[in-house]
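Hi,

Here is the structure I promised to pass on. My notes on its cavities and salt bridges follow below.

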Amino acid sequence: MEMTHNTDQPEYLAKFVNGFRFTADDHWTEKNLLRLSPTDFELLLELEPLFLCRISLEGLLQAGKQSPAHLYIARRAIDRLLEVDSVPLAERTLYSWAGIEESLTRRAWLTSLANAIDERGPCAGTRSVFEAQPQLVTQAQGDSAHCQPMGELADWYLPNPPPGNFLLPHLMTCSSLVRIGVRNGVREHFDATSPLHIMKFSGHKDRETVVSYTGEELRTGDAEVWGQLLTLAAPLPLGSRVVVSSRKLLQTLGRATGGPAYKALRAEIARLQGARVRVRSSHEAMRGQFREMFPDDPLSTGRAAGPIEVSFQLLGPSSTNGQTWSIAVPREVRVAFGPRLSSWFSEREYGELHRLREGDTVKRLYLFYRSHPKPWPFTLDELKNFIGSTMKRDSDLKAALDRAHDRLTHAGIIKSWRYGLTSRRHQLTERAYEVDFAKGRG
């Protein structure tokens, strides 16, 4: 299929194109796509999944003979596109496809491509890996791939925080996954063709962890609801349903219990159910958590190398009668929790910030600092990334952060703060925020 190359590409894609030894002006032809290594092929489809539409069926199957991993990577990318119903971009438009006479829509083409991979790929004739359980397709040394049966699923539990605390992962508190900015502004929506890519996380090396997020933009209120539901889920096997009254949940969050509050809570739960996070990481703490969850997986036993990838929704199915919610917390969220991966936060401290009617910047800054065992200097640009600020001007962000540090000092959460050059980070020449934590935790 002939498609013109889009030279008006996002900055992040241009960087990865250069990383693949192609210039930004090169055409991403079928030949160029399929000659990538499996690792590069996977990352490119993560960034631009619709590049699958440039590959013919025969070309993909032929490449799969030399590298079966390409088939599994393509099949996973197809699932990601189809599962969120994102491909009706031009659903009524028919296209001509290389190797077939029939004209098809993009969705129909991707579906036929998936069916062909299932029927003619290396695991054809076995239960498909894409049917939930019990098959697992893994990539072994030499880019060979095979089907491996999975054992019975073990019960997984979240870490149980001390009484009076709630739990959140650093993927949420130390990155731009949760955004702050205009409180009542229109939320941005991210679908599979243009997900939110997050590549900077406090405590992780640059690009050591990449998160692709699809769903409606998350804000502080969404994180508050998720944190309370996770706390309620901690004593239960993940996948079980948490049952809680709407009134009790709102009261725990320190909110009013009138009609608008119930409406906002319903919207937040729906938003969390529509939120899908795909984590691709070589961070050792996350790999360790993966090994604990999947001890028999070749990725855990050392027979395969490279980053692990886990995809999950923030919340599962739910039911409600308007007064009480029954909500499932998906099992796979467990990979984001554990030592160096998550922290607990004082409900008393956070509730005090809510009582003082502090804004989202103060709350996000609190969650960020409390995610670290000791204070560390952070530059303005780093804090902008790590607390998800959408402010356009640095001067506005600087003023908001100054006020937020003052408010945290007033609340007794930090003892003091300063902004300037620091000797606590070698080779840092920019000004940075330095804080001293107040003694004890709420």
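A cavity here is a set of points, on a 1 Å grid over the protein atoms alone, where a 1.4 Å probe fits but cannot get out; lining residues have an atom within 4 Å of a point. Grid points are joined across faces, edges and corners, and a volume is the space filled by probe spheres set on the points.

This is a predicted model, in which local features need pLDDT of at least 70 and side-chain atom pairs count only at pLDDT 80 or more, while totals for chains, interfaces and linings use all residues. Residues are numbered from 1 along each chain as its sequence is written, and side-chain values use heavy atoms, without hydrogens and water.

The whole structure has four cavities of 30 Å³ or more. The second largest cavity holds about 50 Å³, and its lining includes Trp-226, Phe-312 and Met-172.

There are also 18 salt bridges (a side-chain nitrogen of Lys or Arg within 4 Å of a carboxyl oxygen of Asp or Glu) in the structure. In one of them, Arg-370 pairs with Glu-349 at 2.8 Å, N to O. Arg-370 is buried at 6% relative accessible area, as is Glu-349 at 6%; buried means under 20%, exposed over 50% and partly exposed in between (1.4 Å probe, protein chains only).

Arg-407 and Glu-358 form another salt bridge, with 2.7 Å between the closest N and O atoms. Here Arg-407 is partly exposed at 29%, whereas Glu-358 is buried at 8%. Finally, a network of salt bridges links Arg-179, Glu-188, Glu-217 and Arg-219.

Best wishes

Conventions: On a 1 Å grid over the protein atoms alone, a cavity is a set of points where a 1.4 Å probe fits but cannot get out, and a pocket is an open set with protein on both sides within 12 Å along at least five of seven lines; lining residues have an atom within 4 Å of a point.
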